[in-house]
Amino acid sequence: MNQKTFEGYLVTEKYMLKIGFIIPSGKHNYEPFRNQPLTELYLLTIVEERLGDKVQLSMIDLRGIEERHSIYRIPENDVFLYSAATLSIDEISRIVQKLRSVYPNAKHIAGGAHINIFPEESATIFDTIVLGEGEELIVKAINDVMVSKLKPRYIQNKPVDIDIYPYPSRKFLPKTAVVDTGLLDGENTNLKGTAVVFSRGCPFNCYFCANKNLTFGPVRYRAPNLVKEEIEYLKKEYEIEALAIKDDNCIPFNKRFAKPFLEAIGQTKIKWRGQTRANGVPSDMVKLAKKAGCTDLAIGIESASPKVLKIINKQIDLDKAKDYIQFLNKTGIGVRVHFILGLPGEPDDIVKQTLNFINKANPGSVLLSLFCPMPGSEIFEDPKRFSVNLHTKNWDAYRNVFGRFDENEHPSPVFNYDEVTPFGRGMKNEEIIQNYEELQIILRDRGLNF
Ligand code: SF4
């Protein structure tokens, strides 16, 4: 208990631990506010549910603020929390350093993708790191702060049951940062929308993707009644009419899960977009998704070269993917395809092959990125196998140029290929960038990118 004077009387005030969850600037994102801080909201919600009036919680949202100014927005707290990805770890590390000089007594606790991949490096930055799924660990760590017994590491070895936790309360953000328009395309573009995630994990192992190291266990979808409950909350509190479902596979592959899951979404009458694989989604489930409000689906094709698809273990067939896209078009679901240029084994005529695929499949839009070997992925872990030479561990430089082409922003890969690779000639970085820019210009002229 703290004691202080109030209007001449000595009063006793119950001390509440002040906890601020810091969201970094998101400068690597073209539109940082499109990336809802769902993990941060979710963890704050759990802490509030478990620790109630012992804590005073806030979200310190630095998105969109230039990094050199962001420190001025951070009030004093007893504990600062972070969910660190590779793209944000350098910025977070600089924030921690600055905060240590201004608020020397504050504790810094971090979890997230990057922390789990590089625990030793991370342990030198933060007071405490949280390894594995963080729901229980974060509560334990904060409880330990209260009794001055904070440990340097907390580890969760077993996957958690995601159904026992509440959906993320959005109350830690202003409404303006929750609700957005333009999430859906065409006639639905003005609907008020927000982002959600209802599952964890992906059963595949594409070698360029860090997912397998980040999801700590089997694929899990939230129970349909909980999915429905979260959507009804968003409708009631925020008048949400549209959702961007951020799950890796928004239509579960197993029909036993997919049917009640999609039916639950359908009962809410919400419109939504999501992403699926180009294969393995049963056509009756696609039709059910449409009936349940699905307007747009994104599909990771990644490369129009079958050779590249094999090297990156994508496990899709381009002809079937084209048929699937055409089927979605017929079903009335808009399609965005994702391609990555610069993947291992890319042929010299990749621009032509990509355009051929686009012409045949006829997607509504294309998101084109440049390959970057992200920590956690097979290619990052074993670069020699793919003839990849990594230039730097300056994590700020690890960014794909996410689907945009701006004359002022020239991509600069963090790696190069050997001249000779097991997959043929290694493409030079200048060639990769030239292909990328050429394709972006063609897509822009056709109104396909954004
Ligand atoms: S790229 Fe997509 S399908 Fe492949 S492992 Fe990652 S999330 Fe799964």
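# Questions on a predicted model

Biologist: Where in the chain is the place of Tyr-72?
Modeller: This is a predicted model, and the site is described by the elements on either side. Tyr-72 has its place in the loop between helix H2 (67-70) and strand E5 (79-83).

Biologist: Is Tyr-72 buried or exposed?
Modeller: The cut-off for exposed is over 50% relative accessible area. Tyr-72 has 67% relative accessibility, so the residue counts as exposed.

Biologist: How many Å apart in space are Tyr-72 and Ile-162?
Modeller: In sequence, Tyr-72 and Ile-162 are 90 residues apart. From C-alpha to C-alpha, the distance in space is 36 Å.

Biologist: Is Ala-278 buried or exposed?
Modeller: Ala-278 is found in the loop between strand E13 (271-276) and helix H10 (283-291). Buried means under 20% relative accessible area. At 5% relative accessibility, Ala-278 therefore counts as buried.

Biologist: Which residues does Ala-278 touch, not counting those up to four places away in sequence?
Modeller: A contact needs heavy atoms within 4.5 Å. With residues up to four places away in sequence left out, Ala-278 touches Ile-299, Ile-301, Ile-316, Ala-321 and Tyr-324.

Biologist: What separates the C-alpha atoms of Ala-278 and Leu-318?
Modeller: Along the chain, Ala-278 and Leu-318 are 40 residues apart. Their C-alpha atoms are separated by 8.7 Å.

Biologist: What span should the 15 residues of helix H8 have at 1.5 Å a residue?
Modeller: Helix H8 covers residues 224-238.

Biologist: Within what arc do the buried residues of H8 fall?
Modeller: The buried residues of H8 are Leu-226, Val-227, Glu-230, Ile-231, Tyr-233, Leu-234 and Tyr-238. They line one face of the helix, because seen down the axis of H8 they fall within an arc of 155°.

Biologist: Which exposed residues are on the face of H8 turned away from its buried side?
Modeller: The buried residues of H8 pack against helix H7 (175-178), strand E9 (193-196), strand E12 (242-245) and helix H9 (255-267). The face turned away from that buried side carries the exposed residues Asn-225 and Lys-236.

Biologist: Why are the buried residues of H13 on the same side of the helix?
Modeller: In helix H13 (residues 350-361), the buried residues are Ile-350, Val-351, Thr-354, Leu-355, Phe-357, Ile-358 and Ala-361. Residues three or four places apart in an α-helix point the same way, because there are 3.6 residues a turn.

Biologist: Which residue with a positive phi follows H13?
Modeller: On H13 itself, the face turned away from the buried side carries the exposed residues Lys-352 and Lys-360. The phi of the residue that follows H13 is positive, near 60°, and that residue is Asn-362.

Biologist: How many charged residues are in the shell around the ligand?
Modeller: The residues around the ligand are Cys-202, Phe-204, Cys-206, Phe-208, Cys-209, Asn-211, Asp-248, Arg-277 and Lys-314. By class, this shell has 5 nonpolar residues and 1 polar residue, and its charged residues number 3.

Biologist: How many Å apart are the C-alpha centres of domain 1 and domain 2?
Modeller: The protein chain is divided into domain 1 (2-6 + 13-155) and domain 2 (179-445). The contact takes 23 residues from domain 1 and 25 residues from domain 2. Between the C-alpha centres of the two domains, the distance is 29 Å.

Methods. Residues numbered from 1 in each chain as written. Predicted model: local features only at pLDDT ≥ 70, side-chain atom pairs only at ≥ 80, totals over all residues. Heavy atoms only, no water. Buried < 20%, exposed > 50% of the residue type's maximum accessible area, 1.4 Å probe, protein only. Helix = DSSP H or I, 4+ residues; strand = E, 2+ residues; numbered from the N terminus. Near = heavy atom within 4 Å. Nonpolar A, V, L, I, M, F, W, Y, C, P; charged D, E, K, R; others polar. Domains from an automatic or database assignment. Expected span 1.5 Å × (residues − 1). Arc of directions from axis to C-beta.
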